[in-house]
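Please consult the sequence and the coordinates alongside the text.

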Amino acid sequence: MSANEQAVAVATPVVTRRGPSRLQKLARIARKQPMGVFGAIIIVLLVLMALFAPVIAPYDPTSIEFSSIESPSASHLFGTDDKGRDIFSRVVYGSRASLQVGIIATLIGVAGGALVGLVSGYFGGVVDMIIQRVMDAMLAFPFIILALIMVAVFGNSMAKLMIVLGVAIIPSVGRLMRGVVLSEKELLYVQAAQSVGVSTPRILFRHILPNVASSLIVIGTSLLGTAILVEASLSFLGMGTPPPTPTWGADLSGNARVYFQHAPWMAIFPGLALSLAVLGFNLLGDALRDVLDPRLRNR
Amino acid sequence: MRTYAIRRLLLMVPVIIIVTIAVAGLMRIVPGDPATIALGQNATEEDRERFREAYHLNDPFHVQYLRWWGDVFKGDLGQSVVQRTNVTEELKDRLPSTIELLILSGIFTALIGIPFGVISAVKQNTPLDYLIRSFSIFGLSIPNFWLGTLLLLLPAIWWDYLPPLSDVSFFDDPLGNLEKYWMPAATLATGSSATVMRLMRSSVVEILRDDYIRTARAKGLAERTVILRHVLKNALIPVVTVMGLQLATLVGGSIIIEQIFNIPGVGLFLINSIVARDYPSIQGLVLFLAVTFMLINLLVDLSYGFLDPRIRYS
């Protein structure tokens, strides 16, 4: 740019002052929430690891061709386990089961919980009463016990785990949504829609749902961490994703525990990966809550 | 308050009915014959039939269900088909271990969560606050079965130390008992103390902004007195409630912790029953757990009114 052009650029007033772009807004939020950014980075890395597992992992995670209980080295970054499998490859592939089960279960739970909460909160009366008693029945148990009982009854294939965990999530989302909808339906925009004769499903899904979506995103993110944790706990108890699928929880359980004292790397790396994954979702969930929905603080 | 408590107790009835019908119904649709599960694959059809007769498995669903309730009202939660013991007896044997684990975890939760939460709030936005908050978010993220594994593993590698395997009663040998129980209790308390710490922090931060705190400072009270006498008392109200609700989370976690640290408690009984598909025990345990949790929740809600007289129940 020549000096002349510079002068022109400086002299020309900016007539239309546009607000900050989306990217600028995002950058501003990111500066205020460094921990949230850290969480997001962990999650992005995790997703990339799951997507490109065959490229990243040096070996087949189920192959038992190596000598067992080898300490970490250049050829086996995290060492090998008692069956002679490469632990680094197992940790990389383990992200797939955790993320798949976690994400799909959370989607089922959030969608189901949103529907239940919308219906219960909007209609009230007998419908609300019945739905709430069923939710109470499910909330009468801690998450993991509810999931365990359902797994005991329905079995534990990966698809069933997703459904079971998803259903176990429904009451916590539903309870929250009901409360939000109860206050939302008194607002003017809903009354306006009702008075011009908009159909009920349309009011629920086109008017109320978008207005409560931020609460759903916030609770969904933190529940994702919980879902991953519970999937790992179930696998640890031998009731989770069945073998031979590599999962972090299962690699920390069962016969493997016998070898931990001689091969601590067998215990350390899968647990570290799991903790980081949950940490990522917790950090991002906290940051999203602060940004999107201050109402939910302290929950 | 009494009418509120009675109404809540009455509301428990339909919930309990839903829970028990759901569990009993689900057990019926599950593939797998209980007689085969209990007697093994080698039993003859005659044996199985005798077993079904003995346990009334041939009766229609509603008859079985009502008979089960009849037994429950007599104090009999059912007969474990796999372990061949009575669920009520088994619970009586195992409850002390679980209760001790929960009490110790509760103590850890309070001792860690409350003071650090207050420090974090008083020193808000200082490095110390960030440090405490980082610890709490890590505490919430670490799976307790991994933490428990490391707690058992690292001392074993470094110092050849393992906690005692045998289970001695606290009243016979307090030190030996605590040596076995402190580690699992601390592990179990990690998540809940992190939760309490976070809540305590935000509760104190909020109260520090109140007018009466400014008044207390203005009349020249020492900061120590302001925090301990004025802030803490009010900040504890929501925290006590959450600690009560954390009890349910602790019970959920105890299933895994009991497994890792080999504690013969209720959680281990439940997981053993589930792994063995011992449906009568599961059914009895589910009823026991559901009623316990609902009573805890009720007590927690009622405690709100005791702690804060401004709260009225309607």
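Axes are lines fitted to C-alpha atoms, for helices over the stretch in contact, and angles run from 0 to 180 degrees between N-to-C directions. The model examined here is predicted.

**A helix pair in chain A**

On that basis, the axes of helix 6 of chain A and helix 8 of chain A (residues 158-184) come within 9 Å and cross at roughly 130 degrees. Angles of 65 to 115 degrees count as roughly perpendicular and those over 145 as roughly antiparallel; helix 6 of chain A and helix 8 of chain A are therefore oblique to each other. Their crossing is left-handed. On the side of helix 6 of chain A, the residues that meet the partner are A:Met135, A:Met138 and A:Leu139, while helix 8 of chain A contributes A:Pro171, A:Gly174 and A:Arg175. By class, the residues of this contact divide into four nonpolar, one polar and one charged.

**Chain A as a whole**

Chain A contains 13 helices and zero strands. Of its 299 residues, 46% are buried. Among contacts in chain A between residues at least 6 apart in sequence, 70% join residues at least 24 apart.

**The interface with chain B**

The contact between the chains takes 34 residues from chain A and 40 residues from chain B. The following helices of chain A each supply at least two residues of the side that touches chain B.

| Helix of chain A | Residue range |
|---|---|
| Helix 6 | residues 125-139 |
| Helix 7 | residues 143-154 |
| Helix 10 | residues 200-236 |
| Helix 13 | residues 264-292 |

Helix 13 of chain A gives the most to this side, with nine residues. The residues on the side of chain A that touches chain B divide into 24 nonpolar, seven polar and three charged.

**The largest nonpolar core**

Which residues touch the most other members of the largest nonpolar core? In this core of 145 residues, they are A:Ala140, A:Ala147, A:Leu148 and A:Leu165. The element that gives the most to the core is helix 10 of chain B (residues 223-261), with 16 residues.

Leaving aside its neighbours within four places in sequence, A:Ala140 is in contact with B:Val15, B:Val19, B:Ala290, B:Phe293 and B:Met294.

Conventions:
Residues are numbered from 1 along each chain as its sequence is written. Chains are lettered from A and ligands numbered from 1 in the order in which they are written. This is a predicted model: local features need pLDDT of at least 70, side-chain atom pairs count only at pLDDT 80 or more; totals for chains, interfaces and linings use all residues. A nonpolar core is a set of buried Ala, Val, Leu, Ile, Met, Phe, Trp, Tyr and Cys residues joined through C-beta atoms within 7 Å. A residue is buried if 20 or more other C-beta atoms lie within 10 Å of its own, exposed if 12 or fewer, and partly exposed in between; C-beta atoms are placed from the backbone. Helices (H or I, at least four residues) and strands (E, at least two) are DSSP runs, numbered from the N terminus. Two residues are in contact if their C-beta atoms, placed from the backbone, lie within 7 Å. Ala, Val, Leu, Ile, Met, Phe, Trp, Tyr, Cys and Pro count as nonpolar, Asp, Glu, Lys and Arg as charged, and the others, Gly among them, as polar. Angles under 35 degrees count as roughly parallel, over 145 as roughly antiparallel, 65 to 115 as roughly perpendicular and the rest as oblique. A crossing is left-handed if the near helix is turned anticlockwise from the far one by less than a right angle, and right-handed if clockwise.
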